[in-house]
Amino acid sequence: MTQLEQKRLDLAVKQKRGLHFIAASVIIWLAIAFIYSSAVPIMTKNLFVFICTGILLPLAWGISKILKVNFSDNKNPLSNLGILFSVNQLLYLLIAMWIYPIIPDKMPMVIAIIFGAHLMPFSWLYKSKVYLLFSIVIPFLALFIGLLFSPTILAVGMTVVETIFCAALMIENKN
């Protein structure tokens, strides 16, 4: 095993393949489902959704403490690569900001597609087939549900998918 492979495996084990972030996303999508099921105007709902995305990092940090996950491994240089993969998603949120006033009821679909697609590099980083699968399934599923159903249904669907994602990661982590 090369030194790079050892670093990847070490990061995957110590960070439980980012389980704390996926668990946090379950909570966020559940909150988004509640937001879209409320009676407030769509533009207000979308604003609250942006606020929800902003709590991912502190929520994941809290969950990492509960799950006893090493949130950031300063000794492993690949930990910084994981941060770069995550920060990259922020640039794509500019697309969601553009959708916000133009097609407001499709903004959660765009956020779900961005979220799912940004997971693909983590499949390499964590040596994870689960990340690879969900990085492909989530964008297509979000597009399908988002085009045919309400944002509430999309958010509920994302909550279910993220819960399955967590379960699959837990199984992959045991192996």
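Okay, let's start with the confidence scores. Of the elements in this chain, helix 5, residues 78-102, comes out with the lowest mean pLDDT, at 82, and helix 8, residues 129-148, has the highest, at 98. Keep in mind that this is a predicted model. Over the chain, pLDDT averages 92, and 100% of the residues score at least 70.

Next, a pair of helices. Two packed helices are described by the angle between their axes and the distance between the axes. Here I picked helix 2, residues 19-36, and helix 4, residues 56-67. Their axes are 8 Å apart, and they pack at an angle of about 125 degrees.

Who's touching whom? On the helix 2 side, the contact is made by L19, H20, F21, A23, A24, S25, I27 and I28. Helix 4 brings L56, L57, L59, A60, I63, S64 and L67. If you sort that contact by class, you get 12 nonpolar residues, 3 polar ones and no charged ones.

Last stop: back to helix 5, which is where V87 lies. Is V87 buried or partly exposed? Its relative accessibility is 43%, so V87 counts as partly exposed, since that class sits between the 20% and 50% cut-offs. Now look across to L133. Going C-alpha to C-alpha, V87 and L133 are 21 Å apart in space, and in sequence they're 46 residues apart.

That's my tour, thanks!

How values were computed:
Residues are numbered from 1 along each chain as its sequence is written. This is a predicted model: local features need pLDDT of at least 70, side-chain atom pairs count only at pLDDT 80 or more; totals for chains, interfaces and linings use all residues. Side-chain values use heavy atoms; hydrogens and water are left out. pLDDT is the predictor's confidence in each residue, from 0 to 100. Helices (H or I, at least four residues) and strands (E, at least two) are DSSP runs, numbered from the N terminus. Axes are lines fitted to C-alpha atoms, for helices over the stretch in contact, and angles run from 0 to 180 degrees between N-to-C directions. Contact means heavy atoms within 4.5 Å. Ala, Val, Leu, Ile, Met, Phe, Trp, Tyr, Cys and Pro count as nonpolar, Asp, Glu, Lys and Arg as charged, and the others, Gly among them, as polar. Buried means under 20% relative accessible area, exposed over 50%, partly exposed in between (1.4 Å probe, protein chains only).
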